[in-house]
Amino acid sequence: MSENESITASLRNALPEALRQDPALEGALQQVAKLEAEHSVATRRHELERRFLERAPREGLLYPGDALKLEDVSAELQGDTGLDQLYRNLKAARPYLFARQTTAPEKLATRQPEHEKLREAWKAGGLTRQVQIARDALKRR
């Protein structure tokens, strides 16, 4: 059996000529051909959905399962549109499925350095003893 040859074709070729005319066997081969076609469609659909789900986090899609239920991804991807166009259409039609973009990145650290705390305490007229305690704490680190 070659790689491109279907299971049904290889079964037909393996049967002796006398059995190929049997109507019951022909019906069974047609069922095999039907199952083979359904498997091919399901495999292709699974592959397209997998590509869609892999890209979902990069696009900011919050609810990829819901998007798959709302859109027929495999039908759109099998046509002329690619993943880029599919996500553009999805963002335009259903923006609530995507994370909102922030205009400015959040600060990772809001902690003020120790020397800045000392400077602020001195400017505010902090007690000398408090400044000395803070300096000693910095030296110990």
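Leaving aside its neighbours within four places in sequence, with which residues is Phe52 in contact?

**Figure 1. Overview of the predicted chain.** This is a predicted model, in which local features need pLDDT of at least 70 and side-chain atom pairs count only at pLDDT 80 or more, whereas totals for chains, interfaces and linings use all residues. Residues are numbered from 1 along each chain as its sequence is written, and side-chain values use heavy atoms, with hydrogens and water left out. The chain contains 8 helices and 0 strands; helices (H or I, at least four residues) and strands (E, at least two) are DSSP runs, numbered from the N terminus. Along the sequence, the pattern reads α-α-α-α-α-α-α-α. Of the 141 residues in the chain, 17% are buried; buried means under 20% relative accessible area, exposed over 50% and partly exposed in between (1.4 Å probe, protein chains only).

**Figure 2. Surroundings of Phe52.** Phe52 is in contact with Leu61, Pro64, Ala67, Leu68, Val73, Leu83, Leu86, Tyr87 and Leu90, when its neighbours within four places in sequence are left aside. Contact means heavy atoms within 4.5 Å. Among contacts in the chain with a separation of 6 or more, 52% are between residues 24 or more positions apart.

**Figure 3. The largest nonpolar core.** A nonpolar core is a set of buried Ala, Val, Leu, Ile, Met, Phe, Trp, Tyr and Cys residues joined through side-chain atoms within 4.5 Å. The largest one here has 12 residues: Phe52, Ala56, Leu61, Ala67, Leu68, Val73, Leu83, Leu86, Tyr87, Leu90, Leu97 and Phe98. At least two residues of this core come from each of α3 (23-59), α4 (64-70) and α6 (83-93). The helix that gives the most is α6, with 4 residues. In soluble globular proteins, nonpolar side chains tend to be buried together.

**Figure 4. Leu90 in helix α6.** Leu90 lies in helix α6 and counts as buried because its relative accessibility is 3%. Apart from neighbours within four places in sequence, Leu90 is in contact with Phe52, Leu61, Ala67, Glu71, Pro95, Leu97 and Phe98.

**Figure 5. Packing of α3 against α6.** Two packed helices are described by the angle between their axes and the distance between the axes. Axes are lines fitted to C-alpha atoms, for helices over the stretch in contact, and angles run from 0 to 180 degrees between N-to-C directions. The axes of α3 and α6 are 11 Å apart, and the helices pack at an angle of about 60°. The angle therefore makes α3 oblique to α6; angles under 35 degrees count as roughly parallel, over 145 as roughly antiparallel, 65 to 115 as roughly perpendicular and the rest as oblique. The contact involves Arg51, Phe52, Arg55, Ala56 and Glu59 of α3, together with Leu83, Asp84, Leu86, Tyr87, Leu90 and Lys91 of α6. Its residues comprise 6 nonpolar, no polar and 5 charged. Ala, Val, Leu, Ile, Met, Phe, Trp, Tyr, Cys and Pro count as nonpolar, Asp, Glu, Lys and Arg as charged, and the others, Gly among them, as polar.

**Figure 6. Packing of α1 against α3.** The axes of α1 and α3 cross at roughly 155° and come within 8 Å. This angle makes α1 roughly antiparallel to α3. Ile7, Thr8, Leu11 and Arg12 of α1 meet Glu26, Leu29, Val32, Ala33 and Glu36 of α3 in this contact. The residues of the contact are 5 nonpolar, 1 polar and 3 charged.

**Figure 7. Thr8 and Ile7 in helix α1.** Thr8 belongs to helix α1 (residues 7-14) and counts as buried, at 4% relative accessibility. Not counting residues up to four places away in sequence, Thr8 touches Leu29, Val32, Ala33 and Glu36. Ile7 is also placed in helix α1, but Ile7 is partly exposed, with a relative accessible area of 45%. With the same exclusion of residues up to four places away in sequence, Ile7 touches Val32 and Glu36. The C-alpha atoms of Ile7 and Ala33 are separated by 7.7 Å, although these residues are 26 apart along the chain.
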